[in-house]
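This briefing concerns the aromatic side chains of one protein model and the contacts made by their rings. Please consult the sequence and the structure shown here alongside the points that follow.

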Amino acid sequence: MRRLLLAALLLLTAVALPAQEVITFMPQWLPQTQFAGYYVALEKGFYAEEGLDVIVDHFGGSSTGTALEKIEHNKVDIITSQLVSVMIERERGKRLINVLQTSQVNGLMCAAHFPIDSPAALNDTKIGRWKVGFGDVCDLFCFKNGLHVNWIPYIQGINLYVSGAVDALLCYSYSEFIQLELATGGIPESHRIRFSDYGLNYPEDGLYVTEQYYKKHKDAVDKFVRASRRGWEYARTHREEALDISMKVIAEFNVATNRTFQRLMLDEILQLQVNPVTGKADYAPVRHEVFEELNRSLCEAGILHSTLKYEEMIR
């Protein structure tokens, strides 16, 4: 009798639990510690505590598609992407809005086989660039400095640089640059530049949803943002655990990497999240003046052709 009563109580409790809202989330690239905070939020139950059932999806390594394409066709609900990329896509009709800004510092770099003593050193050179985008800040750099560059497209990796097939390679401080450092024994400081040092320190990674989805699911989006922040804050203070969790996701998707590289990536990602204004990882929204200056620069370079409204795009 007692067992039957207990079973009945458990059944009633299960029935009384509210249904979790399902959210499909897609980072913009392969599983790696660039997205550790989201993996942590899922593993530690932060999303579940908010009443969310989060499904994390990723592209395969050979795919040339993007998370932007997935969200455009309503295949996913929330994505990560970069501010400049989304501004360009918004002008093309993709009504995306930023609901959380994680990156506060731009990590785009260029590593060359020769000294870069000035921007002019890159004129008429062959530079490797991702086929799927993410190099628009370098377009601004070339425009502002009157440079002509022969772009050589690639999907991922550093083979173009190591083989000498290109003069230089666009890379991120948390990704390809670390690979180059490990593979070559170190890139001389005189052979690299960070575009943030040339007046192009525009924030990068953030969370994005469509306007339509936000209007219908604002409460769920707010919960996802809240739990994601918890995930990143936990990762910052429990880095080895965050690395453990990330490596499990990486293994699940059969991504070829190693723990040393992923640890270095996580350290750099967390550093890029520190707001240079406050000195803290406060996940502050993109500042209005930064957004307007970026919009103006993109228009001057012919990358954008219209003025975007900050209030419509940044939450």
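Trp-232 is buried, with a relative accessible area of 1%. The model is a predicted one, and 11 aromatic pairs are present in it.

**Tyr-38 and Trp-232**
- The ring centres of Tyr-38 and Trp-232 are 5.6 Å apart; the pair is edge-to-face because its planes stand at 80°, an angle over the 60 degrees required for that class.
- Distant parts of the chain are linked by this pair, since Tyr-38 belongs to helix H2 (residues 36–43) and Trp-232 to helix H10 (residues 218–237), 194 residues apart.
- Tyr-38 has a relative accessible area of 2% and is therefore buried, the limit for that term being under 20%.

**Aromatic cluster**
- Tyr-38 and Trp-232 also belong to one aromatic cluster, together with Phe-25, Tyr-47 and Phe-224.

**Phe-291 and Tyr-310**
- An edge-to-face aromatic pair is formed by Phe-291 and Tyr-310, with 5.5 Å from centre to centre and 80° between the planes.
- Because Phe-291 is in helix H13 (residues 288–300) and Tyr-310 is in helix H14 (residues 310–313), the pair ties together parts that are 19 residues apart in sequence.
- Both Phe-291 and Tyr-310 are buried.

**Charged groups over rings**
- Arg-129 places its charged end over the ring of Trp-151, at 4.7 Å from the ring centre.
- Arg-230 has its charged end over the ring of Phe-46, at 3.8 Å from the centre of that ring.

Note on methods:
Residues numbered from 1 in each chain as written. Predicted model: local features only at pLDDT ≥ 70, side-chain atom pairs only at ≥ 80, totals over all residues. Heavy atoms only, no water. Phe/Tyr/Trp six-rings, centres within 6.5 Å; stacked < 30°, edge-to-face > 60°. Helix = DSSP H or I, 4+ residues; strand = E, 2+ residues; numbered from the N terminus. Buried < 20%, exposed > 50% of the residue type's maximum accessible area, 1.4 Å probe, protein only. Lys NZ or Arg CZ within 6 Å of the ring centre and 35° of its normal.
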